[in-house]
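Thanks for coming. I have one structure to go through today, and I will keep it short. Please look at the picture first.

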Amino acid sequence: METENEKEGENQTLNTELVEMKERLNEHSLKLDTVEKEKTELSLIVSQMKQENDESESQVKLQEKKLSELERVKDESEIQVKRIEEKLSDLERVKGESEIQVKLLERKLSEQTQVSI
């Protein structure tokens with residue numbers, strides 16, 4: 001009878017240990033579920049951040065292209081300004097020469113008019 005009691009005691013001990021192990025297994029399963037949920041959420045966040053980064057890189061490339069185009073236009077404009085300044089300088093030189101010619105012609109005319117009188 002004592003062996004039967006011992007067996008029954010062992011069974012109860014084993015049953016108690018089994019129940020405790022099941023409880024720990026359930027706890028670990030819950031923790032695993034929580035970790036999986038967090039992993040999924042983090043994966044979504046990472047994916048969204050990658051997409052935003054790609055969009056930002058695309059915007060940066062577009063802005064760089066626009067900047068390059070603006071720099072090209074600026075360079076062309078500076079060249080045009082230099083050409084216009086050179087033409088203006090030439091025109092001012094020609095104007096100065098023309099004024100001198102006019103003064104000389106006026107002087108000659110004045111001299112001829114005095115000689116005629």
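This is a predicted model: local features need pLDDT of at least 70, side-chain atom pairs count only at pLDDT 80 or more; totals for chains, interfaces and linings use all residues.

Arginine 93 makes a salt bridge with glutamate 97, and the closest N and O atoms are 3.0 Å apart. Glutamate 97 is partly exposed as well, at 41% relative accessibility. Why can these two reach each other? Arginine 93 and glutamate 97 are four residues apart in helix H1, so about one helical turn separates them. Side chains of opposite charge can pair when their charged atoms come close.

Now the other salt bridges. How many does the structure hold? There are four. One of them joins glutamate 78 and lysine 74, with 3.5 Å from N to O. Glutamate 78 and lysine 74 also sit four residues apart in helix H1, which means about one helical turn between them. Of this pair, glutamate 78 is partly exposed, with a relative accessible area of 39%, and lysine 74 is partly exposed at 49%.

Another salt bridge runs between glutamate 69 and arginine 72, where the closest N and O atoms are 2.3 Å apart. Here the spacing in helix H1 is three residues, so glutamate 69 and arginine 72 are again separated by about one helical turn. Glutamate 69 is partly exposed at 38% relative accessibility, and arginine 72 is partly exposed with a relative accessible area of 38%.

Next, the whole chain. The box filled by the C-alpha atoms, taken along the principal axes, is roughly 170 × 15 × 15 Å. Helix H1 itself covers residues 2-116.

To put a distance on that, take glutamate 20 and valine 115. They are 95 residues apart along the chain, and their C-alpha atoms are separated by 139 Å. Glutamate 20 is found in helix H1 and is partly exposed, with a relative accessible area of 40%.

Now the surface. What share of the 117 residues is buried? The figure is 0%. Buried here means under 20% relative accessible area. The protein exposes about 11,500 Å², and carbon and sulfur atoms supply 55% of that area.

There is also a nonpolar patch on the surface, formed by Leu42, Ile45 and Met49. Together these residues have about 300 Å² of accessible area. Isoleucine 45, one of the members, lies in helix H1 and is partly exposed, with a relative accessible area of 42%.

Last, the charges. The protein has 20 positive and 31 negative side chains. How far apart do the centres of the two sets lie? They lie 16 Å apart.

Technical notes
Residues are numbered from 1 along each chain as its sequence is written. Side-chain values use heavy atoms; hydrogens and water are left out. Patches are made of residues with over 30% relative accessible area and no salt bridge: like charges are joined within 9 Å, nonpolar side chains (Val, Leu, Ile, Met, Phe, Trp, Tyr) within 5 Å. Accessible areas come from the Shrake-Rupley method with a 1.4 Å probe; for residues, only the protein chains shown count as cover. A salt bridge is a side-chain nitrogen of Lys or Arg within 4 Å of a carboxyl oxygen of Asp or Glu. Helices (H or I, at least four residues) and strands (E, at least two) are DSSP runs, numbered from the N terminus. Buried means under 20% relative accessible area, exposed over 50%, partly exposed in between (1.4 Å probe, protein chains only). Lys and Arg count as positive and Asp and Glu as negative; His and the chain ends are not counted. The place of a charge is taken as NZ of Lys, CZ of Arg, CG of Asp or CD of Glu.
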